[in-house]
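Dear colleague,

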Amino acid sequence: MSRDQELSKQGIRRGDRRLMADMNRNLVFNVLRTGAVSRADVVRTTGLSPATVSAIVSDLIESGFVNEIGHGKSRGGRPPLVLQINDERNYAIGLKLMTRGAFVVVTDIRAEVLYAEMVEFDWAPVSGDSTLSARARSGDPSSVLDRICLAIEVAADRAGVGMAKVVGVGIGLAGIVETTTGICRYSPTFDWHDVPVAGPISKRLDRPVLVDNDVNALTVAEQWFGRGHGVDDFVVVTVGEGVGAGLVVGGNIYRGAEGAAGEIGHLPVAGETVACRCGRTGCLEAVSNDHAITGYVSEAVAAGRPTRLSGAAATGLTVHAVRLAAEAGDEVARAALERAGRMLGLGIAALVNLLNPRLVIVTGEGTKAGPLRWDAAMSAMRERSFAGIDRNVDFFVDSVDDIAWARGAACVVLGELFSSPMHRNVDLAPLRAR
Ligand SMILES: [Zn+2]
């Protein structure tokens, strides 16, 4: 064997040992996560040797990740020391990135929100176009990333948590995000293509950073704390300006090969004539989002159909106004909500037939449109599900606030803390064997 071959073989061995050490540390950390436990409890639950557990625990205590919080009950002999993850040393930051700014939360290691704040970005006006999205789109990636870093630092400071105590930062944004590399493949908000996001922010803040699609982040929040808790197969469908989905398959978020899974807004279900903002025709989003509702009303007004919304159609319609009109008996308003709901239901039926989930959660800004829209969506989903597989599918409409989206982003990065080193995307200090 050549010297090189021998070295590389030793390298593999060294790598294996390191991975084993990381995995053992992860096992111990996951037991500690369950609450106050003793070293003997950790040995019993993990099956590791007392010496290994003792060494890992000592190291975790020394680095401030775990505390001894006193003595437990004795089972004969000396009462054991009880261990607990140090809540005052381990925080996460979650962020939902939007056009106008970032909604930031600071959480403890259990993802309990300690602080929440909307940090507005100071976009300069763009000549010839006064819309916020035009201003955001004109921002080059580095200026957007600067603003994100500043928002994170401001929130950590105001929460009274030094960045040194932040174990990781999770960022949720609309678009296609490759979580493994931290690259945003496409952002409709900022008109980004292949922009590295996690790397530059991580370097600047000197903290691990994980970026994910915002709907996936919200889905993780549903999985940890919401209706999806304990459900292995479910989907979260978000409706508002866009239409998207988060998919949980076999207990794990399914992101696809490049992070683009769940883009149900662009399922080609609406024929060949309706234009979608993505540049194609016939996308689900174009006939089921909020704009599809107000657009339907505007067309009806232009065609001379009687509706109490004809005045509002000239000055700017909102989904809320359409809802109020529908509830007061306006037929055009009612048809607009039902049509958008029915089309969305067809998209959800496609998900049901593809993935056979146990649960469908519909959420997002569009939930404000009320029951006419959602009843139509649920009926269409049930009508078009194959062979009655919808029988055991629960359908819920949940309104969520910005905190839930940002908390989901914190959950994404905290989830890494407790995931197997084999599947980890970022290097998190508490679990790195020294
Ligand atoms: Zn489209």
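Leaving aside neighbours within four places in sequence, I148 is in contact with L95, L97, A102, I171 and I201; two residues are in contact if their C-beta atoms, placed from the backbone, lie within 7 Å. This is a predicted model, in which local features need pLDDT of at least 70 and side-chain atom pairs count only at pLDDT 80 or more, while totals for chains, interfaces and linings use all residues. Residues are numbered from 1 along each chain as its sequence is written.

I148 is found in helix α5 (residues 141–158). I148 counts as buried because it has 26 C-beta neighbours inside 10 Å; the term buried requires 20 or more other C-beta atoms within 10 Å of a residue's own, placed from the backbone. Of the 434 residues of the protein, 44% count as buried.

The protein has 14 helices and 16 strands. Helices (H or I, at least four residues) and strands (E, at least two) are DSSP runs, numbered from the N terminus.

Strand β9 (residues 183–187) runs antiparallel to β8 (residues 176–178), with 3 bridges joining them; two strands pair if DSSP finds at least two bridges between them. V177 has C184 in β9 as its bridge partner. In the turn of the β8–β9 hairpin, which has 4 residues between the strands, G182 shows a positive phi of about 75 degrees.

β9 is also joined by 4 bridges to β10 (residues 192–196), again antiparallel, and Y186 stands opposite H193 in β10.

Yours sincerely

Key. Buried ≥ 20, exposed ≤ 12 C-beta atoms within 10 Å, placed from the backbone.
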